[in-house]
Amino acid sequence: METWSIVVAAGSGRRFGGPKQVELLDGRRVVERSVAAMAAATVGVVVVTTGDLVADLGALPGVAAAVEGGETRSASVRNGLAALPDSATHVLVHDAARPLVPDAVVAAVVEALADGADGSVPVVPVTDSLRTLEGTPVDRAGLVAVQTPQGFRRSALADAHAAAADATDDATLVSRRGGTVVHVAGDPINLKITDPSDLAVAEALLAHHRRNGARPS
Ligand code: CTP
Ligand code: MG
C-alpha cells in the first residue's frame, strides 16, 4: 500500500467572496494547513491550484507536484489524478478549504483502506432538523454529513472519474459505480470554510482546542 494525497485548491471561493484558500488562519494560509496535514500522513502530496499558486504551493514541504485545476471540483481532482506517480496504490482527496482536519480523522480513513475498502469517508451527524424544498420533513437520524479527506483505491477513483462525471465529492462518483465506500468517524472541527464567517469560526476553534490541549497544528 502506497498512499498519496491530492489537495484540491483551485476553486474561486464565490460564496466566500474570493480565494479563501490563501486567507490567513492564525498567521498561516488555509491551504498550507491542509497540505501539511496530508503531507504528515501520506507518501506525497499533489496540489491542484491556479496561476501563481502552482509554483508557490509546489515548493511547500511534502508537495511532489502542483498542477492547474479545472472548471469544476471533479475536473480538478482528475488533473490531480493525472499527476500521481505510477507507484501510488491509494489516494486521499482533501479540500484545501478544510484546514483543521485532525490527524485521527486522516488515520481512520487510511485504516479503512488498509482493511480493503474501495473507499472510505469521514462522516458526522447532521445537527439541524431537515426538510425537502417541497416541505416534507426528513428524519435526520438516517443521515450523515460527509467530510474530506476521502480515501480510495487508486483504480476505483480513476474508474469513477473516467467518464468525466461531476459531483460535489468523490465518494458520490465511486458509489455510483458500485464501489464499497465505508464510513469512519469525522470530527465537527473539520469544518469546510465556505462563507466568510466560517473563517472566524475556524480561528475560534483553533484557539479553543489550543487551550484544551489541542489537536490541530
Ligand atoms: N475546488 C477546486 N477546483 C474547482 C472548484 C473547487 O479545486 N474548480 C476546490 C476548492 O478550492 C475547495 C474544494 O474544492 O478547496 C471544495 O470546494 P468549495 O468549498 O466549493 O470551494 P469553491 O468552489 O472555491 O467555493 P464556491 O463554491 O463558493 O465558489
Ligand atoms: Mg465550489
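A: **The shell around ligand 1**

The shell around ligand 1 comprises 5 nonpolar, 6 polar and 7 charged residues (Ala, Val, Leu, Ile, Met, Phe, Trp, Tyr, Cys and Pro count as nonpolar, Asp, Glu, Lys and Arg as charged, and the others, Gly among them, as polar). This is a predicted model, in which local features need pLDDT of at least 70, side-chain atom pairs count only at pLDDT 80 or more, and totals for chains, interfaces and linings use all residues. Residues are numbered from 1 along each chain as its sequence is written, chains are lettered from A and ligands numbered from 1 in the order in which they are written, and side-chain values use heavy atoms, with hydrogens and water left out.

In total, 18 residues surround the ligand, the closest being Val8, Gly13, Arg14, Ser76 and Lys192 (a residue is near a molecule if one of its heavy atoms lies within 4 Å of it). Oxygen atoms of ligand 1 lie 2.7 Å from a side-chain N or O atom of Lys192, 2.8 Å from a polar side-chain atom of Arg15 and 2.9 Å from a polar backbone atom of Gly11. Of the 560 Å² of accessible area that ligand 1 has on its own, the protein covers 88% (Shrake-Rupley method, 1.4 Å probe).

Ligand 1 takes up the space of the largest pocket, whose volume is about 790 Å³. Its lining has 28 residues, with Gly11, Arg15, Lys20, Arg73 and Lys192 nearest the centre (a pocket is an open set of points on a 1 Å grid over the protein atoms alone, where a 1.4 Å probe fits, with protein on both sides within 12 Å along at least five of seven lines; lining residues have an atom within 4 Å of a point; a molecule sits in a pocket if more than half of its atoms lie within 2 Å of its grid points; a volume is the space filled by probe spheres set on the points, which are joined across faces, edges and corners). This lining divides into 7 nonpolar, 12 polar and 9 charged residues.

Note on methods
A polar contact is a pair of N or O atoms within 3.5 Å; within protein, one must be able to donate a hydrogen and the other to accept it, and residues adjacent in sequence count only if both atoms are side-chain atoms.
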